[in-house]
Amino acid sequence: MPNLTTLLVQNNLLGFVLPSDISGKILAPLTKLEVLDLSDNRITSLPSVFFNAQIQLRTLNLSGNLLETATFEIKYMTKLSHLDISNNRLFVLDTFFTKQLDHLSETVPDLTVELSGNPIKCSCESIEFIEWLSITKVRVQSLLHQDCRSLQMHLNSSKVIYEYLKKKCSSYTTTIVAVGSWVAIFAFVIIAGIIYRYRWKLRYAYYIVKGKHHGQIKPLRTDDDFQYDAFVSYADEDETFVHRKFLKYLEDDRNIRCCVHKRDFLAGNDIATNITSAIHNSRKTVVILSQHFLQSDWCLFEFNMAKMESIYSRSKENIILLVFLEQIASKDLPLNILELIQSKSYIEYPNDEYGDVVFWDKLKETLSV
């Protein structure tokens, strides 16, 4: 019936059929419809293209259904004068639908919409819809008898409601932003604190994994697996003592295998990975302690990596030996070095003939264990 102008099919159960018509085939042949009544059919939704062929429609009645949103297109109905969507489950009309109504109102000055009987919300979520009610040229009927669900006001006072919600939602948004900012700052401080507290452990774990990945670090099962007896950590300013005395007396005279960065580090690898690998592959770490050592970031890095090695790879075995090259006041020493001194893991370089012999023998005995 392509010439049909009025179709009244209210009070049926078309809600079980119409939502599945996603291509708009059901009404496609009825291009001359002017009046369409689909009320009381338990319709929960309608596809966006369902009414695309009804460009001549003047009256559309969808009242008494179960619509929660209006997602169907009406922008092609340039002659539509009355739309009844009353007594549904509409909390708001979203921007997609209200823009279509405004567009039609430019060509249909007397366009009316019936909204009564819907549980309209007046909240921050619906503030755009309330604002639209206050400024639209579309004639929204029965607002005097339509209450906001959350406020004791009629919707015909939409301007008053909008101003109230604007103030309320502004403070609400400010509160959310403030609380969110404080939560973010608090979380950042906590995370930063955790990272700072475990910074050496994290760095140690990173370089150990990196060293294993590149084959520089292998699992240690026995003492014979160690590549060196000692890794020597020293400042560049103390290089003369290390290379002319320390290595001579220990390597040449006492057969102790030492690892020093200028001689034994692998070329092409970054310094931090070389340091971690050398410490892991050495039975002990000897720290040549001086003012120059305390002022060097790389020296302190080596000390902390050795400490992490003793805790996490050697079952808290004390592998660090401090050699005081000069007198240093306690107040100038970092706390983690003072802890080692209290456990007597240090030896002082005497710099005299008799003391030198005792010093080197004691050092060899310690590094050989």
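Predicted model: local features only at pLDDT ≥ 70, side-chain atom pairs only at ≥ 80, totals over all residues.
How close do the axes of helix 4 and helix 7 come, and at what angle do they cross?

Residues are numbered from 1 along each chain as its sequence is written, and side-chain values use heavy atoms, with hydrogens and water left out.

To the opening question, then. The axes of helix 4, residues 199-213, and helix 7, residues 271-280, come within 9 Å and cross at roughly 85 degrees. Axes here are lines fitted to C-alpha atoms, for helices over the stretch in contact, and angles run from 0 to 180 degrees between N-to-C directions. Helix 4 and helix 7 are therefore roughly perpendicular to each other; angles of 65 to 115 degrees count as roughly perpendicular, those under 35 as roughly parallel, those over 145 as roughly antiparallel, and the rest as oblique. On the helix 4 side, the contact (heavy atoms within 4.5 Å) is made by Tyr204, Tyr207, Ile208, Lys210 and Gly211. On the helix 7 side, Ala272, Thr273, Thr276, Ser277 and His280 take part. By class, this contact of helix 4 with helix 7 has 4 nonpolar, 5 polar and 1 charged residues. In this classification, Ala, Val, Leu, Ile, Met, Phe, Trp, Tyr, Cys and Pro count as nonpolar, Asp, Glu, Lys and Arg as charged, and the others, Gly among them, as polar.

Let me now turn to the chain as a whole. Its secondary structure comes to 11 helices and 11 strands. Helices (H or I, at least four residues) and strands (E, at least two) are DSSP runs, numbered from the N terminus. Of the 369 residues in the chain, 43% are buried; buried means under 20% relative accessible area, exposed over 50%, and partly exposed in between, with a 1.4 Å probe and protein chains only. Among contacts with a separation of 6 or more, 69% join residues 24 or more positions apart.

Next, helix 1. Which residues of helix 1 are buried? In this helix, residues 95-105, they are Phe97, Thr98, Gln100, Leu101, Leu104 and Ser105. They lie on the same side of helix 1 because they cover an arc of only 155 degrees around the axis, the arc being that of the directions from the helix axis to the C-beta atoms. These buried residues pack against strand 4 (82-84), strand 5 (112-114) and helix 2 (127-135).

Helix 1 passes helix 2 in a left-handed crossing. A crossing is left-handed if the near helix is turned anticlockwise from the far one by less than a right angle, and right-handed if clockwise. Thr95, Thr98, Leu101 and Asp102 of helix 1 make the contact with Glu128, Phe129 and Trp132 of helix 2. That contact has 3 nonpolar, 2 polar and 2 charged residues.

A further helix pair is helix 9, residues 297-312, and helix 10, residues 335-342, which pack at an angle of about 55 degrees with their axes 11 Å apart. Helix 9 and helix 10 are therefore oblique to each other, and their crossing is left-handed. Phe303, Asn304 and Lys307 in helix 9 meet Asn336, Ile337, Glu339 and Leu340 in helix 10. The residues of this contact divide into 3 nonpolar, 2 polar and 2 charged.

Finally, some individual residues. Asp40 has a positive phi of about 55 degrees although it is not a glycine. Asp40 lies in the loop between strand 2 (35-37) and strand 3 (59-61), and at 38% relative accessibility counts as partly exposed. Asn87, also not a glycine, has a positive phi of about 55 degrees; it is found in the loop between strand 4 and helix 1. With a relative accessible area of 45%, Asn87 is partly exposed.

Is Thr107 buried or exposed? Thr107, in the loop between helix 1 and strand 5, is exposed, with a relative accessible area of 53%.

Glu348 belongs to strand 11, residues 346-348, and is partly exposed at 44% relative accessibility. Not counting residues up to four places away in sequence, Glu348 touches Phe324, Gln327 and Phe359. Glu348 and Phe359 are 11 residues apart in sequence and 8.0 Å apart in space, C-alpha to C-alpha.
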